[in-house]
Amino acid sequence: MNTTEKTIDVQQNIYFTNTSRDTLYSIILNDWNNSFSSKKSALAKRFSDEFIRSFHLASEDDRGFTKIKNILDNNFQSLNWKRDESQVDILEIELENPILPNTTQKINLLYTLKLPNEKFSRYGFYDDGKLYLKNTFLFPATYENGKFIKNSNVNLDDIFNAPCIIKALVEIPLNYSLASNLSTIQNEENESFLKFELSGNNKKEFILIISPTQEFTTYKNEHIEVSSSINKTRIDEIKKTLIIDKITRFVHDKIGPTNSSKILVSQEDYNKQPFYGLSQLPDFISPFPDETLFELMFLKTYINAYLNENLNLNHRKENWIYDGIQMFLMIQYIEENNPELKMMGSLSRFKLLKSYNLINLDFNQQYNYMYMLMARKNLDQPLIEKKDRLIKFNEQISSKYKAGLTFKYLDSYLENDIVIKSLKEFVALNKDLKTSKYDLEYILKNNSFKEIDWFFDELINSRELIDFKFGKVSKTNKTITVKIINKAKTNVPISFYQLKNDSIVGKVWLENIKTDSTFTFERKGADKLTLNYFNEVPEYNLRNNWKSLKGFFYNNRPIKFNFYKDLEEPYYNQIFYVPEFEFNIYDGLAFGMRLNNKSMLNKPFTFSITPFYSPKTGSLVGKFNFMVEQNIRDLGKLYRIRYILSGSQFHYAENSAYTNLSPTVLLLFRDKDFRTNKTEFVQLKQLYINREKTDFLLDNNTENYNVFNFKYGNFQSEATKHYSLTTDLQVANSFGKIATEIHYRKLFNNNRRLSLRFYAGTFLYRSTTSDFFSFALDRPTDYMFEQQYLGRSETTGIFSQQYVYAEGGFKSKLDTRYANQWLTTFNASFNIWNWIQVYGDAGLLKNNFAPTKFVYDSGLHLNLVPDYFELFLPVYSSNGYELNKNNYSEKVRFVVTLTPKTLVSLFTRRWF
């Protein structure tokens, strides 16, 4: 180990035993450390897909690589080796002497590892001198079905090495400590270094943590030795020991003894796969006691490490089994050890927050809501989907939770601990054999006394939804007759409960409800009926799961008002109120209240009504939006249709208001591969505008108009490149026009960014003499009222200098600013240092009774906060040298955005 250079010199011997029936002429080694060597690797592409720019912008010193010095066979003859350009982290060694079945061949390797910076994957070198080595050394890939499994590193921590017996001799500098997933046989110290001899059997990975401080503490009971660095420092060692002992015994009792004598549980592993929502808040405002935080952090990380040590599965292909067992055990642990725990911890004790469903929700209920978050967005994926094809939110949160919920669902249906017994049997099977989902399926079916094909067909292998509701209900004093409607047509069982004064008086599982079915039950004094009362079933909609038998209106939900936002609450019609403000120079700072029904989960119907009071004008202004959203579940390109009715009323000039109304239909398309950041849309909009007449504008003959707008867009975006195409057709009584915009942005390997934009538009017909509908070179009039202008009618002053990315895209104000026949422009920008860019625009425009005119401008672009605050400083244009002008400050253009929605999208795009 060279802790200064962040390098490791490795001498490695592999004794490769061919346990297959095939003769091997070459072997494959996983060399995931080398995935950091190229900006074209699968890892680099993954980072780009998720809008993570740090890897692409990193220096060579921060990116790792593997330098092969020599590879020799038994006779010390050099062996040829190669890498595929498309998989730089896979090493193929060509054997001089083939390895026959049931024979062993020794291969000698000499190589140097240059470790990457930990900021990319949390593994590599840290600024404090620590080295975290995981997925680092050369390991034989797993061989199955006549071939080696060649999975490249895509930052999923799912390497599929062949199980090995590992013996290692490690030399590290003095004053450093070592932790490993291998057992330490002996160690010694001399004047220059520390020497450790390590060993482990049936290991699929060799993990080493070399640190200048002692971070790990070892805990041991009769079942397992644990080396942990989970660092809630305000927990004393006695409490930590008791918690760790309780968790290790719980896991041992539930799914059996471990295949390994030692398990490593590190803070870094937790940070890579944290319990989202649990540890995002700083300690001083955390709603959970330190003991509970430590317990949950250690529980999640320990179970994950335990399964990685004990399951011999293709992690990438059958990841749902790891996730399902992990989350199912966590659900069971909370039920047995902390059943009163709430999702938001101690916040549930504050009376001010008692009215929020989010605050009162039981801890284990969050899993269902996190799954529904993606299902309601129509972004959920089948559990059987390969891990590298999952979008980030599904891979780290939603699919994990759904997998745990499916095991919980099956456990509730079968009862008698059949699921946990089957999982224990499955884990034991992994000690001797390589397994697959078919082994788990066989064990579950063999142990079940009920038919459970639906579990695999509907829950694991598909993305079918589950959604039951009550239909017609009739009652007598002795019986109840109910119609159960299967909205999703998914053939799975559903639990039916009868309640009296909120106590259960009857329960039964209803099965084979492929279509709407009617059932009659003994009433048992019930005053309320519910489906899925304890949320055993991961259901799409919980709002239609109950019927009151009191009164005339069986399902009369009271209205509940909440500030800001909340989780969906099945027993209420929720209305949220949020104070808001709007600013433009005509209305001034207008204050209002937004009333809406938008909970944290998407709904089929949402509304938002926001009235504002403008002190400057002494009048009411505002906006509204009603939307019906239809998700298309078939795996075609069309996945969502939105029907929207929106409108607003504000002032567009001094003491002159406008009113707009726009019914819209929006069709959204996507690629079958959800990870492709590609979106297409078709928008059909009819716009109605009424404008009050004003004396402040010279061009004032366009008060009222209607426009039909057809728009098509195609976007494909990632951190290193962006492409978009938009076509816009507008038809009105006095004009018809069509325009196309193409935008391309590229981040090069030398970290330079180039942005190119092409715009072309032409009138199809035109009968108005006003430039209000003309193509704008630098500042569109925005007659569609789509831009966030602070002073939309201003022609002089600071507010006239606001810039929006639309139409011609010029930054300088030229003598001719509009085109009433056609306009074509080309815009380009290139960064010269960080957020400082140079820009240039060139274009042709044509007006009636005037020759075609060529125009251009150029200058500096200060991209301080992209899309939020930007400055354009003109230098040279068709006006001449702009810097010589006395009124240069009036030439500067700016971008400013006051809507939080833009900022939120910059953070969420990497998840969805």
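Arg 642 touches residues from other stretches of the chain. Leaving aside neighbours within four places in sequence, Arg 642 is in contact with Met 627, Val 628, Glu 629, Thr 664, Val 665, Leu 666 and Leu 668. The model is a predicted one. Arg 642 sits in strand E32, which covers residues 638-653.

**Arg 642 in its setting**

- Is Arg 642 buried, exposed or partly exposed? Its relative accessible area is 22%, so Arg 642 is partly exposed. The cut-off for buried is under 20%, and exposed means over 50%.
- Arg 642 and Asn 750 are 108 residues apart in sequence. In space, their C-alpha atoms lie 42 Å apart.

**The whole chain**

- The chain holds 13 helices and 46 strands.
- Its C-alpha trace spans about 90 × 85 × 50 Å along the principal axes.
- How does the radius of gyration fit a compact globule, and what values are involved? A compact globule of 912 residues would have a radius near 29 Å. The chain has 32 Å, which agrees.
- Of the 912 residues, 56% are buried.
- Take contacts between residues at least 6 apart in sequence. In the chain, 63% of them join residues at least 24 apart.

**Surface and charge**

- The accessible surface of the chain comes to about 40800 Å². Carbon and sulfur atoms account for 53% of that surface.
- There are 115 positive and 104 negative side chains. The centres of these two sets lie 5 Å apart.

**Aromatic pairs**

- A search of the whole structure finds 60 aromatic pairs.
- One of them joins Phe 55 and Phe 120. The ring centres are 5.2 Å apart and the planes meet at 80°, so this pair is edge-to-face.
- Phe 288 and Phe 363 form another pair. Their ring centres are 6.2 Å apart and their planes stand at 85°, so this pair is edge-to-face as well.
- Phe 288 lies in the loop between helix H4 (267-272) and helix H5 (290-310). Phe 363 lies in the loop between helix H7 (357-360) and helix H8 (366-376). The pair therefore ties together parts that are 75 residues apart in sequence.
- Phe 288 is buried, and so is Phe 363.
- Ring pairs also build a cluster. Its members are Trp 320, Phe 328, Phe 407, Tyr 409, Tyr 413, Trp 454, Phe 455, Phe 456 and Trp 509.

**Two residues with positive phi**

- Phe 51 has a phi near 60°, a positive value in a residue other than glycine. Its place is the loop between helix H1 (42-49) and H2.
- Phe 849 also has a phi near 60°, again positive and again not in a glycine. This residue sits in the loop between strand E42 (836-846) and strand E43 (853-865).
- Which of buried or exposed applies to Phe 51? Phe 51 counts as buried, because its relative accessibility is 10% and the cut-off is under 20%.
- Phe 849 counts as exposed, because its relative accessibility is 87% and the cut-off is over 50%.

Key: Residues are numbered from 1 along each chain as its sequence is written. This is a predicted model: local features need pLDDT of at least 70, side-chain atom pairs count only at pLDDT 80 or more; totals for chains, interfaces and linings use all residues. Side-chain values use heavy atoms; hydrogens and water are left out. Helices (H or I, at least four residues) and strands (E, at least two) are DSSP runs, numbered from the N terminus. The radius of gyration is taken over C-alpha atoms; the globule rule is 2.2 Å times the number of residues to the power 0.38. Buried means under 20% relative accessible area, exposed over 50%, partly exposed in between (1.4 Å probe, protein chains only). Contact means heavy atoms within 4.5 Å. Accessible areas come from the Shrake-Rupley method with a 1.4 Å probe; for residues, only the protein chains shown count as cover. Lys and Arg count as positive and Asp and Glu as negative; His and the chain ends are not counted. The place of a charge is taken as NZ of Lys, CZ of Arg, CG of Asp or CD of Glu. Rings of Phe, Tyr and Trp (its six-membered ring) pair if their centres lie within 6.5 Å; planes under 30 degrees apart count as stacked, over 60 as edge-to-face and the rest as tilted.
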